[in-house]
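User: I am new to this structure and would like to learn how to read it. Please show it, then take me through its features one by one.

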Amino acid sequence: MDAEQLLTPEETAALLRLSEHTLAAWRRSKSSSDLPWVEVGGLVRYRRGDLQRWLEARTKNGAQP
């Protein structure tokens, strides 16, 4: 798995099991999410490695208050 691979919003939404609409709302709202994204030729893309780090930062376990 290439960490620098660029994913479309559709691919990213499918991986996260969210709608593309949710991702678009997150991009518009600074407070909803800090999921990094890039624009390439005017198109939105997500780096696979950024997505993995974003998920790891949100990983919880039952021992945390």
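Predicted model: local features only at pLDDT ≥ 70, side-chain atom pairs only at ≥ 80, totals over all residues.

User: How do I read burial, and what share of the 65 residues is buried?

Analyst: A residue is buried when its relative accessible area is under 20%. In this chain, 26% of the 65 residues are buried. The chain exposes about 4,800 Å², of which carbon and sulfur atoms supply 51%.

User: Where do nonpolar side chains tend to be in soluble globular proteins?

Analyst: The general idea is that nonpolar side chains in soluble globular proteins tend to be buried together. In this model, the largest nonpolar core has nine residues: Leu7, Ala13, Leu16, Leu23, Leu35, Val44, Tyr46, Leu51 and Trp54. At least two residues of this core come from each of helix H1 (9–16), strand E3 (43–47) and helix H3 (48–57).

User: Take Leu35 from that list. Is Leu35 buried or exposed?

Analyst: Leu35 has a relative accessible area of 9%, so Leu35 is buried. Leu35 sits in the loop between H2 and E2. Neighbours within four places in sequence aside, Leu35 is in contact with Leu16, Leu23, Trp26, Tyr46, Leu51 and Trp54.

User: How far apart are Leu35 and Trp54, in sequence and in space?

Analyst: They are 19 residues apart in sequence, and their C-alpha atoms are 6.3 Å apart. Leu51, another contact of Leu35, also touches Leu7, Thr12, Leu15 and Leu16, not counting residues up to four places away in sequence.

User: Which loop holds Ser33, and which residues is Ser33 in contact with beyond its sequence neighbours?

Analyst: Ser33 lies in the loop between helix H2 (20–28) and strand E2 (38–40). With neighbours within four places in sequence left aside, Ser33 is in contact with Trp26 and Trp54. Ser33 counts as buried because its relative accessibility is 14%. A polar atom of the Ser33 side chain lies 3.0 Å from the backbone nitrogen of Leu35.

User: Last, how many positive and negative side chains does the chain have?

Analyst: There are 10 positive and 9 negative side chains, and the centres of the two sets are 5 Å apart.

Technical notes. Residues numbered from 1 in each chain as written. Heavy atoms only, no water. Buried < 20%, exposed > 50% of the residue type's maximum accessible area, 1.4 Å probe, protein only. Areas by Shrake-Rupley, 256 points an atom, 1.4 Å probe, with all protein chains shown as cover. Lys, Arg positive; Asp, Glu negative; His and termini not counted. Charge placed at Lys NZ, Arg CZ, Asp CG, Glu CD. Helix = DSSP H or I, 4+ residues; strand = E, 2+ residues; numbered from the N terminus. Polar contact = N/O pair within 3.5 Å; in protein donor to acceptor, adjacent residues only side chain to side chain. Contact = heavy atoms within 4.5 Å. Core = buried A, V, L, I, M, F, W, Y, C linked by side-chain atoms within 4.5 Å.
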